[in-house]
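The following note concerns the contacts between chains in the model shown below.

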Number of protein chains: 4
Amino acid sequence: MRAYRLMEFGRIDGIVVTDRPMPEPGPTEILIKVHAASINRRDIMLLEQTYPRPAVPAVVPLSDGAGEVLAVGARVTRFKVGDRVTGNYWPRWRDGRLADDQLDQLGCTLDGMASEYAVLDEQWAVRVPQHLSWPEAASLSCAGVTAWNAVAGCAAGAPGRTVLTLGAGDVSLFAVQFAKMMGCQVIVTTSRDSKADKLKSLGADHVINYLSTPQWGTAVRDLTGGQGADLVVETVGPETIEQSIAACARHAEIVLLIWKSPGRPDLVIPGDVYGPKLATLRRIFVGSRVDLEAMIKAIATNGTRPVIDRVFPFHQLHDAYRYFQDTSRFGKVAITMD
Amino acid sequence: MRAYRLMEFGRIDGIVVTDRPMPEPGPTEILIKVHAASINRRDIMLLEQTYPRPAVPAVVPLSDGAGEVLAVGARVTRFKVGDRVTGNYWPRWRDGRLADDQLDQLGCTLDGMASEYAVLDEQWAVRVPQHLSWPEAASLSCAGVTAWNAVAGCAAGAPGRTVLTLGAGDVSLFAVQFAKMMGCQVIVTTSRDSKADKLKSLGADHVINYLSTPQWGTAVRDLTGGQGADLVVETVGPETIEQSIAACARHAEIVLLIWKSPGRPDLVIPGDVYGPKLATLRRIFVGSRVDLEAMIKAIATNGTRPVIDRVFPFHQLHDAYRYFQDTSRFGKVAITMD
Amino acid sequence: MRAYRLMEFGRIDGIVVTDRPMPEPGPTEILIKVHAASINRRDIMLLEQTYPRPAVPAVVPLSDGAGEVLAVGARVTRFKVGDRVTGNYWPRWRDGRLADDQLDQLGCTLDGMASEYAVLDEQWAVRVPQHLSWPEAASLSCAGVTAWNAVAGCAAGAPGRTVLTLGAGDVSLFAVQFAKMMGCQVIVTTSRDSKADKLKSLGADHVINYLSTPQWGTAVRDLTGGQGADLVVETVGPETIEQSIAACARHAEIVLLIWKSPGRPDLVIPGDVYGPKLATLRRIFVGSRVDLEAMIKAIATNGTRPVIDRVFPFHQLHDAYRYFQDTSRFGKVAITMD
Amino acid sequence: MRAYRLMEFGRIDGIVVTDRPMPEPGPTEILIKVHAASINRRDIMLLEQTYPRPAVPAVVPLSDGAGEVLAVGARVTRFKVGDRVTGNYWPRWRDGRLADDQLDQLGCTLDGMASEYAVLDEQWAVRVPQHLSWPEAASLSCAGVTAWNAVAGCAAGAPGRTVLTLGAGDVSLFAVQFAKMMGCQVIVTTSRDSKADKLKSLGADHVINYLSTPQWGTAVRDLTGGQGADLVVETVGPETIEQSIAACARHAEIVLLIWKSPGRPDLVIPGDVYGPKLATLRRIFVGSRVDLEAMIKAIATNGTRPVIDRVFPFHQLHDAYRYFQDTSRFGKVAITMD
């Protein structure tokens with residue numbers, strides 16, 4: 001079976017296709033025919049070695065993928081042949097808080113989904129909803145759960161609250177969908193007017209062009225009768241934190257997903273802006289299997305479909321990686337094994 | 001100006017219309033031209049003296065009403081003439097937890113809204129959304145906030161969770177609306193098939209006829225793949241608690257609104273059903289002004305409209321009271337002063 | 001090695017000592033030289049078949065035991081030879097919420113600690129504090145964690161809050177200790193004046209004799225300036241729930257540990273007492289490994305020692321079971337293998 | 001009666017004593033014979049105009065003071081003559097969240113306690129415990145409630161958790177007391193070895209000299225078996241935030257009290273240190289009347305006494321202000337009117 005492996009860092013060509021014997025599932029494992037996988041920003045960071053956890057040598061990349069159970073080990077009870085499944089980003093983190101012995105990640109320290117077949121412990125996998133295509137089902141684990149925990153795992157995310165999310169990246173698009181699913185008012189920033197309509201179709205109540213409105217923090221307050229946003233999904237970090245704080249309401253919650261950037265190793269919080277806000281800064285890092293299951297239940301209940309920008313065939317993974325970094329895209333970039 | 005007053009308990013005719021001089025707002029008060037008011041079950045209980053708090057002599061009944069600010073006292077800062085407002089059920093309860101000196105209620109220990117004009121302290125009132133008619137705006141304070149706190153003020157009420165609400169009473173209809181607004185799966189019980197379609201139009205995913213399905217607890221579990229409901233809005237009490245517990249999932253939350261009924265002074269919780277559920281029973285009692293404001297923001301954001309069954313003219317208040325108890329109604333019963 | 005096994009229900013003699021070959025730890029397991037074990041009410045219930053989960057045939061009884069690691073499997077990373085450990089009540093429940101595949105219990109569906117040696121998966125065990133004797137360390141898993149989650153796992157358990165706990169049973173004694181550790185005011189009921197001094201030595205601020213003060217709910221309110229208790233650790237159930245509710249403050253939390261009793265299959269909640277209290281009834285069922293670890297950290301930090309009433313030698317397990325039911329005891333009943 | 005008034009900013013002599021007629025309490029007010037008042041850092045900041053809220057002209061300074069009720073207005077129900085009381089820092093903030101119309105502060109926008117007599121609305125005052133001297137009772141409102149909300153108002157502050165508090169300032173001393181009251185392990189930093197013993201007497205488990213151990217973040221982790229602190233009471237801000245983050249455990253909470261300092265207008269959060277910690281940064285700003293009452297109940301229950309360093313007579317307020325800034329002090333600086 002063919003699988004991509006990360007043989008050399010720093011360049012997309014360092015990901016090479018390999019052909020190995022078909023794996024066998026162990027007693028508690030399931031063998032999956034992977035139908036699609038998708039790329040997340042963390043996969044680029046892993047390649048560029050800017051991700052907090054280094055990838056292990058020759059790892060199969062991509063945390064996100066979905067497929068069909070082909071075979072199950074003798075002691076497997078959670079799945080049967082034919083089930084449609086995906087894996088959890090942190091496969092060993094089931095519930096509660098992330099612990100020291102749960103730091104493995106698919107596509108980083110454990111083989112990921114850029115492969116025709118994958119073997120996962122049955123505890124690492126969950127069922128995916130019937131209404132999703134394979135590329136959609138392969139889009140949930142990283143950006144989806146991150147947005148879910150940012151929006152739904154947050155006291156500030158309640159009906160009628162104002163959620164501000166930054167940009168039209170993958171996490172942000174999920175955040176728009178989840179915030180609308182929860183009855184929130186949603187404001188999004190973007191640099192491209194061409195994306196405004198798409199964001200509104202997805203549910204955004206207001207879209208602010210942050211290039212033409214560099215003081216978008218004030219704009220958010222203006223749009224909310226002077227109150228500000230109750231929840232900010234901070235998908236950018238050092239470049240935006242000042243306006244994010246300016247945008248937020250007293251007692252707001254700012255969910256920090258990124259805390260440094262090339263050339264900006266620190267998050268600089270301006271005291272005069274921050275002091276009176278009484279805002280909470282919360283860090284999240286994707287989520288547990290129970291979080292993934294809760295998100296999937298919400299997606300199934302509400303018929304939500306992840307936004308897919310483009311699907312590449314398996315053999316064009318390098319093109320998919322390159323396309324992923326195209327800032328005009330709107331939605332996930334997937335590969336398909338079919 | 002004309003106002004109804006509760007002169008004698010036990011019969012609807014004990015509510016009599018009076019004519020008194022127009023009131024003047026004090027320095028921190030607002031004078032309201034009431035446009036509509038609505039009836040809640042507690043107004044019947046107050047009349048029948050089965051409500052936990054007794055009404056004071058000659059009180060103007062009805063907690064729920066809405067109108068326009070006609071005049072403001074010298075020190076009023078929250079409102080101006082022309083604002084559309086309603087009052088809070090517990091006018092002295094602003095935020096946090098209900099305290100001993102906050103137990104006054106409109107239409108019970110303080111004059112309520114069955115009146116052409118009303119005077120409220122500016123702290124007791126809140127603005128109502130523009131998209132609501134007067135009868136709709138007059139339907140928020142009691143049943144609305146109760147349902148809001150049951151569903152949105154609850155860890156169990158999150159997208160994808162299953163909410164079970166009992167019957168097609170006013171609280172239950174709001175609960176359906178709020179639960180759908182939050183992305184939940186909603187199951188409702190009713191005794192009338194004729195209401196099933198209306199409940200579905202309102203958003204209910206499933207409707208169970210509790211007469212034809214007396215073991216509806218099992219039916220709820222069946223509808224949820226054996227899991228059960230995550231949240232039960234218990235609008236009935238002694239007659240239903242056993243099935244409510246049977247219906248719920250492990251770790252579910254049951255919000256208890258009623259805890260006794262004529263002939264059943266106790267809530268009897270069957271040990272064998274309850275024990276393994278690890279369910280939390282939570283009591284709520286309408287809510288604070290901050291709760292009302294949050295609900296109103298959610299209603300405004302989502303364009304939600306309370307369900308109005310029928311509107312009576314001011315002079316037919318007695319008919320409205322009688323009609324309120326008609327079990328075939330579906331939605332609030334309001335009176336209008338226009 | 002010798003181990004007791006539950007061969008016949010309904011009588012203490014149904015627990016018989018067996019001699020089997022020394023077990024070998026599997027790759028992820030540890031072999032423990034058990035030094036002490038202790039009895040909990042659930043062990044009596046398991047014997048009498050009144051516990052919600054039935055024991056499997058020939059199970060080694062007792063959830064609570066402590067000992068020294070003698071050998072570790074090849075893949076064990078959490079422990080080394082010589083570590084002092086105990087097991088978790090629900091060994092498969094690590095963190096978050098109890099799930100369907102985590103319902104095994106030591107001494108019930110899995111072999112427990114009434115044995116000279118025990119083998120546990122390394123994920124099922126935790127280290128015990130150095131300052132504890134073996135019988136003390138063998139007293140933590142069931143009654144300890146139950147009291148911990150009742151008191152510390154509860155919003156109502158904060159410094160200055162009033163905690164009411166019922167009786168001088170094992171959970172109640174731990175509850176006194178944890179509530180005092182947290183700076184609460186503690187009130188305890190008992191039927192024996194002889195225990196009042198012991199309860200006060202343990203930290204209780206007030207002790208009420210419920211035989212001479214059958215309206216002890218009122219007594220609790222009197223002791224708290226009319227407010228009532230903020231948290232009730234309900235260790236009894238049907239016989240006491242009415243007074244427990246009478247004792248509690250508005251917005252109190254009642255943690256229900258027992259929900260039926262011989263002859264009383266239901267929990268009867270009197271509507272008139274309950275209605276105005278706005279109290280939450282919460283069910284807990286011991287706790288997760290993370291809970292056990294948190295409790296152990298608290299015990300280690302504060303030098304807390306479980307109360308041991310009496311220690312029997314291993315061969316007198318039957319006497320220990322009989323003594324356990326002596327209502328004059330005050331503290332845990334343990335057996336020792338040394 | 002004599003009262004100090006803040007007539008000119010920037011120098012202690014700008015606070016001048018005035019003699020005015022004895023005030024009369026209005027209908028909902030109480031007249032207090034002030035017995036003691038105490039200084040907080042915010043009083044220095046108000047004088048130096050570095051506090052976020054500017055003081056109004058000729059305000060009576062000091063938020064913290066305690067005294068005896070001398071007279072009550074006609075509609076007062078909460079207090080009677082002879083009651084021992086103090087005022088809340090934000091007198092209009094009763095419960096829940098701080099709102100826009102609750103931003104008045106004693107000693108800032110409302111007359112404070114540096115006065116022989118004070119008039120407060122009855123809603124602004126609370127009773128103080130009998131076991132406290134007047135200077136102790138005059139030490140609760142600002143630093144006390146701040147520390148209370150930092151430690152007790154925080155999920156991370158539970159028995160057995162590790163609390164790190166910075167320095168031996170007033171908030172930090174209260175934080176040590178409250179954290180020990182709650183059964184936490186407490187670590188404190190200081191620059192003076194002479195204070196180490198005093199901090200340990202107060203309950204600190206470990207004291208780190210941050211001058212001799214500039215990498216005190218590592219020291220905290222070493223003292224906690226590599227885990228780090230669960231809660232950091234960040235009393236300093238820009239100069240310490242890096243080490244505070246380095247000190248904290250995964251999922252820790254950092255309570256930020258100060259967010260800028262002279263010459264350092266920003267809080268700079270180093271990305272590489274912060275990223276993996278998943279720590280929450282929470283801002284608090286003293287607290288509500290309900291918080292003050294809860295703290296007072298905890299203090300009364302546990303017999304806690306605020307640390308008083310030195311008491312000056314009323315006429316030496318200027319000396320008291322000067323002494324307050326002496327970094328060798330350990331405890332509150334009070335003035336007494338007796």
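1. Contact here means heavy atoms within 4.5 Å. On that basis, chain B and chain D meet through eight residues from chain B and eight residues from chain D. The model is a predicted one, and the values in this note should be read accordingly.

2. The area buried between chain B and chain D comes to about 550 Å², with carbon and sulfur atoms giving 22% of that area. Of the area that chain B buries against chain D, 68% is supplied by B:R94, B:D95 and B:D101, more than by any other three residues.

3. Which residue of chain B forms a salt bridge with D:R94? The partner is B:D101, and the closest N and O atoms of the pair are 2.7 Å apart. In total, the rule finds two salt bridges across the interface of chain B and chain D. Four residue pairs, both members at pLDDT 80 or more, are in polar contact across this interface. By class, the side of chain B that touches chain D consists of one nonpolar, three polar and four charged residues.

4. The contact between chain D and chain A takes 29 residues from each of these chains. About 2,600 Å² is buried between chain D and chain A, and carbon and sulfur atoms give 52% of this area.

5. Four salt bridges are found by the rule across the interface of chain D and chain A. One of the salt bridges in the model joins the side chains of D:R250 and A:D100, at 3.0 Å from N to O. The rule also finds 17 residue pairs in polar contact across the interface of chain D and chain A, both residues being at pLDDT 80 or more. On the side of chain D that touches chain A, the elements giving two or more residues are β12 (248–256), β13 (266–270), α8 (271–274) and β14 (280–283) of chain D. Among these, β13(D) gives the most, with five residues. This side of chain D has 16 nonpolar, five polar and eight charged residues.

6. Chain D is superposed on chain A by a rotation of 180 degrees with 0.0 Å of shift along its axis, the RMSD being 0.0 Å. The two copies are therefore related as by a two-fold rotation axis. Because 100% of the interface residues of chain D are also interface residues in chain A, the copies meet through the same surface.

7. A separate remark concerns helix α3 (residues 143–151) of chain B, which is mostly covered, nine of its nine residues being buried. The buried residues of α3(B) include B:V145, B:W148 and B:V151.

Definitions and conventions: Residues are numbered from 1 along each chain as its sequence is written. Chains are lettered from A and ligands numbered from 1 in the order in which they are written. This is a predicted model: local features need pLDDT of at least 70, side-chain atom pairs count only at pLDDT 80 or more; totals for chains, interfaces and linings use all residues. Side-chain values use heavy atoms; hydrogens and water are left out. Copies are superposed by least squares on the C-alpha atoms of residues with pLDDT of at least 70 in both. Buried means under 20% relative accessible area, exposed over 50%, partly exposed in between (1.4 Å probe, protein chains only). Helices (H or I, at least four residues) and strands (E, at least two) are DSSP runs, numbered from the N terminus. Buried area is the accessible area (1.4 Å probe) that two parts lose on being put together, summed over both. A polar contact is a pair of N or O atoms within 3.5 Å; within protein, one must be able to donate a hydrogen and the other to accept it, and residues adjacent in sequence count only if both atoms are side-chain atoms. Ala, Val, Leu, Ile, Met, Phe, Trp, Tyr, Cys and Pro count as nonpolar, Asp, Glu, Lys and Arg as charged, and the others, Gly among them, as polar.
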